[in-house]
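Biologist: I'd like a close look at one part of this model, the place where the two chains meet. Could you take me through it in one go?

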2 protein chains.
Amino acid sequence: MRLALDAARAAAAAGEVPVGAVIVQAGRVVATAGNAPRRLHDPTAHAEIRVIRAAAAALGRERLDDCDLWVTLEPCAMCAGAIAHARIARLYYAAADPKGGAVEHGARIFTQPTCHHRPDVYAGIAEAEAAAILRGFFAERR
Amino acid sequence: MRLALDAARAAAAAGEVPVGAVIVQAGRVVATAGNAPRRLHDPTAHAEIRVIRAAAAALGRERLDDCDLWVTLEPCAMCAGAIAHARIARLYYAAADPKGGAVEHGARIFTQPTCHHRPDVYAGIAEAEAAAILRGFFAERR
């Protein structure tokens with residue numbers, strides 16, 4: 001989660017909402033990414049989508065069933081759906097997102113009968129630090 | 001929808017589940033894409049994600065609030081989330097997808113309070129033709 005928090009801080013420095021993500025396979029970091037929709041002109045460029053695309057490209061396959069994803073914020077519906085499609089084994093996230101999250105809030109994607117893969121989910125890791133990075137970002141912009 | 005059906009047929013010819021999508025802005029086609037997760041080693045490479053990324057890149061901006069999306073199958077949770085993030089104005093789709101759809105089935109993304117943009121939705125356009133393409137694809141593989 002340390003690397004994911006660093007990626008979130010880097011996103012903030014680039015003017016993006018600070019969210020960072022890392023994919024790990026057998027203790028090895030496969031890919032790291034920050035949130036970048038504004039910079040990339042890509043509404044799908046959330047940290048989770050970017051890190052999944054990078055890891056799948058690096059491993060040369062469509063499924064990441066031996067990989068874990070670490071992210072600093074509860075994934076939204078788009079990202080939770082991507083996590084299911086990628087067959088991510090374990091999802092670790094830091095801060096909960098009552099406004100846009102779709103794991104423990106809103107659509108609760110992994111509990112839907114139309115969701116074909118449910119990762120093991122571990123929430124609240126380094127939650128205070130991830131939330132402070134987000135709060136600092138939005139406070140500066142007000 | 002004619003172009004989206006063509007993109008779906010092209011996807012089938014490449015061994016991908018046949019789904020195609022088109023983004024239109026003021027009567028002009030901005031981008032066309034087919035489903036390609038296998039070929040691209042990218043679990044996020046559904047037709048909708050690819051066409052949104054292509055259109056946003058072509059227009060040089062993150063939001064597509066003056067664009068309509070045409071797709072041959074009811075979007076899944078990932079794609080419905082991306083459609084909301086992209087601020088797509090109108091969503092037209094052909095076949096319903098009771099097993100994986102997230103517009104009129106499952107997570108019903110656009111009805112969630114955590115969904116921050118709801119396109120106008122028009123379902124069932126060329127439904128029989130889109131469903132026949134999908135049925136043909138799966139029948140060949142059985």
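Biologist: To start with, how many salt bridges are there between chain B and chain A?

Modeller: The count between chain B and chain A is 2 salt bridges. Bear in mind that this is a predicted model. As for confidence, the mean pLDDT of chain A is 97, with 100% of its residues at 70 or more, and the model scores come out at ipTM 0.96 and pTM 0.97.

Back to the charges. Searching the whole structure gives 16 salt bridges over all chains. B:Asp42 sits in the loop between α2 and α3 of chain B, while A:Arg53 belongs to helix α3 (residues 47-59) of chain A, so this pair joins two chains. The side chains of B:Asp42 and A:Arg53 meet in a salt bridge at 2.8 Å, N to O. Polar contacts turn up here too: across the interface of chain B and chain A there are 6 residue pairs in polar contact, both partners at pLDDT 80 or more.

Which elements carry the chain B side? Those that give two or more residues to the side touching chain A are α2 (37-40), α3 (47-59) and α4 (77-85) of chain B. By residue type, that side of chain B splits into 14 nonpolar, 12 polar and 6 charged.

Now for the extent of it. In contact terms, 32 residues of chain B touch 32 residues of chain A. Together, chain B and chain A bury about 2500 Å², and 64% of that is on carbon and sulfur atoms. If you want particular residues to look at, pick B:Pro43, B:Arg53 and B:Glu62: they supply 24% of the area that chain B buries against chain A, more than any other three residues.

Definitions and conventions:
Residues numbered from 1 in each chain as written. Chains lettered and ligands numbered in written order. Heavy atoms only, no water. Contact = heavy atoms within 4.5 Å. Buried area = accessible area lost by both parts, 1.4 Å probe. Salt bridge = Lys/Arg side-chain N within 4 Å of Asp/Glu carboxyl O. Polar contact = N/O pair within 3.5 Å; in protein donor to acceptor, adjacent residues only side chain to side chain. Helix = DSSP H or I, 4+ residues; strand = E, 2+ residues; numbered from the N terminus. Nonpolar A, V, L, I, M, F, W, Y, C, P; charged D, E, K, R; others polar. pLDDT = per-residue confidence, 0-100.
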